[in-house]
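Hi,

Here is the structure I said I would pass on.

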Amino acid sequence: MGKRSKGSDDDGREGRPPEWTTHPTTLRWSPGDDDLTALDPSATPGWDGGKAAATDLVAAHAGELSDLQERLFAEGRSGGSRSVLLVLQGLDTSGKGGIVRHVVGLVDPQGVMHRSFGVPTAEEKAHGYLWRVRNALPRPGYIGVFDRSHHEQVLVVRVDGLEPPEEWATHYDEINAFEAAVAASGTTIVKVALMISRDEQKERLAKRLDRPDKHWKYDPADIDARLRWDDYVAAYQDLLDRTSTVVAPWHVVPADHKWYSRLVVSELLLDALRSLDLGWPLADFDVEAEKRRLAAT
Ligand code: AMP
Ligand code: MG
């Protein structure tokens, strides 16, 4: 990735397949060090295994992901306050939806609170930009997934000039304060920025235009966004530099290879769930007595 200074690369290999030469957490953004224009979206940092092994590994994670998700859910049902929030940002065609389908889709949908954020509705516009986000936060026990998020308030809003600079510029600190409060309330935040190249996006948009079954995904406004590519890169650089915090760091994931970005997100989600050290809630009833009662029926 576009590192000017390189972090440690021998951390976290323990227990991982040899194809991971560095832990995916090395994709964590270092404000002030990392340079988006130096990032290669077609690279697969830390992964030597190629596509088939990556796809196999995502599938192999399914069991553990779904076990941990169920433990989290059980904890939430038993008075726990913890949850996980996966925030997906990325330009059109960067693969946000595919991550939801192929990675988040590995766990029980009953435990997932998914929300995508588009152009604010009239009702949403009547409130501050964090209002709709707050309403969509995962309840205890849930894995929340944001497809786009409050970060659009310093991306599309900035690039399209929907607010004057003196207004959008205030949002970075607000976002950090908001995320700090969310984290303090028991939500583990995993922020992922999917980075595709201009050429790859062109190919993906061309595919959408070629296939009638993909036309519904195509939005003529996507071309307008492409015309402001460099503005988006600058907006993303500032976003990453200014909202990568200790409690809510950004992971910047090269996304020209969908199999790579999906593998990375599966690892990050697993790490977040593992870090919670989830057990099973103890029964709040007398198990032996209930067995006797059941046997007598
Ligand atoms: P999609 O993700 O393809 O469904 O597109 C959603 C669209 O909503 C994108 O063009 C975003 O730029 C736009 N969008 C998301 N959040 C905001 C926001 N806060 N203000 C304006 N547009 C937004
Ligand atoms: Mg779109």
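This is a predicted model: local features need pLDDT of at least 70, side-chain atom pairs count only at pLDDT 80 or more; totals for chains, interfaces and linings use all residues.

Residues are numbered from 1 along each chain as its sequence is written, chains are lettered from A and ligands numbered from 1 in the order in which they are written, and side-chain values use heavy atoms, with hydrogens and water left out.

Start with the open sheet: five strands in the order 2-3-1-4-5, with parallel pairing. Its edges are strand 2 (112-116) and strand 5 (250-254), each of which pairs on one side only. From one strand to the next the twist averages 20 degrees. A few terms before going on. Helices (H or I, at least four residues) and strands (E, at least two) are DSSP runs, numbered from the N terminus. Two strands pair if DSSP finds at least two bridges between them.

Strand 1 (residues 83-90) is mostly covered, with eight of its eight residues buried. Buried here means under 20% relative accessible area, exposed means over 50%, and partly exposed is in between (1.4 Å probe, protein chains only). In a regular strand the side chains alternate between the two faces of the sheet. In strand 1, Ser83, Leu85, Val87 and Gln89 point one way and Val84, Leu86, Leu88 and Gly90 the other, and all are buried.

Strand 1 runs parallel to strand 3, and five bridges join them; valine 87 has phenylalanine 146 of strand 3 as its bridge partner. With strand 4, strand 1 pairs in the parallel sense over eight bridges. There, leucine 85 is partnered by isoleucine 189, and glycine 90 stands opposite leucine 194.

Strand 4 (residues 187-195) also pairs with strand 5, in the parallel sense and over five bridges. Two places to look are lysine 191, whose bridge partner is tryptophan 250, and methionine 195, which stands opposite proline 254. Strand 4 is largely enclosed by the rest of the structure, because eight of its nine residues are buried.

In strand 5 you will find histidine 251. Histidine 251 counts as buried, at 4% relative accessibility. Leaving out residues up to four places away in sequence, histidine 251 touches Leu27, Arg28, Lys191, Val192, Ala193 and Leu268. Contact means heavy atoms within 4.5 Å.

**The helices**

Helix 1 (residues 50-77) has 28 residues and spans 40 Å from its first C-alpha to its last, close to the 40 Å expected at 1.5 Å a residue. That expected span is 1.5 Å times one less than the number of residues. Helix 1 also has a kink of about 35 degrees, centred on alanine 62. The bend at a residue is the angle between axes fitted to the seven residues ending there and the seven starting there. Just after helix 1, glycine 79 takes a positive phi of about 95 degrees.

Which residues does glutamine 201 touch? Not counting residues up to four places away in sequence, they are Leu91, Asp92, Thr93, Ile196, Arg226 and Trp229. Glutamine 201 is found in helix 8 (residues 198-210) and is buried, with a relative accessible area of 3%. A polar atom of its side chain lies 3.0 Å from the backbone oxygen of aspartate 92. A polar contact is a pair of N or O atoms within 3.5 Å; within protein, one must be able to donate a hydrogen and the other to accept it, and residues adjacent in sequence count only if both atoms are side-chain atoms.

Helix 12 lies largely in the open, because the number of buried residues among its nine is zero. At its start, a side-chain oxygen of aspartate 286 reaches to within 3.1 Å of the backbone nitrogen of glutamate 288.

**Two loop residues**

Most residues other than glycine have a negative phi. Arginine 148 is not a glycine, yet has a positive phi of about 70 degrees; look for arginine 148 in the loop between strand 3 (143-147) and helix 5 (156-159). Aspartate 277 has a positive phi too, near 50 degrees. Aspartate 277 sits in the loop between helix 11 (258-275) and helix 12 (287-295), and counts as exposed at 67% relative accessibility.

Cheers

How values were computed: Axes are lines fitted to C-alpha atoms, for helices over the stretch in contact, and angles run from 0 to 180 degrees between N-to-C directions.
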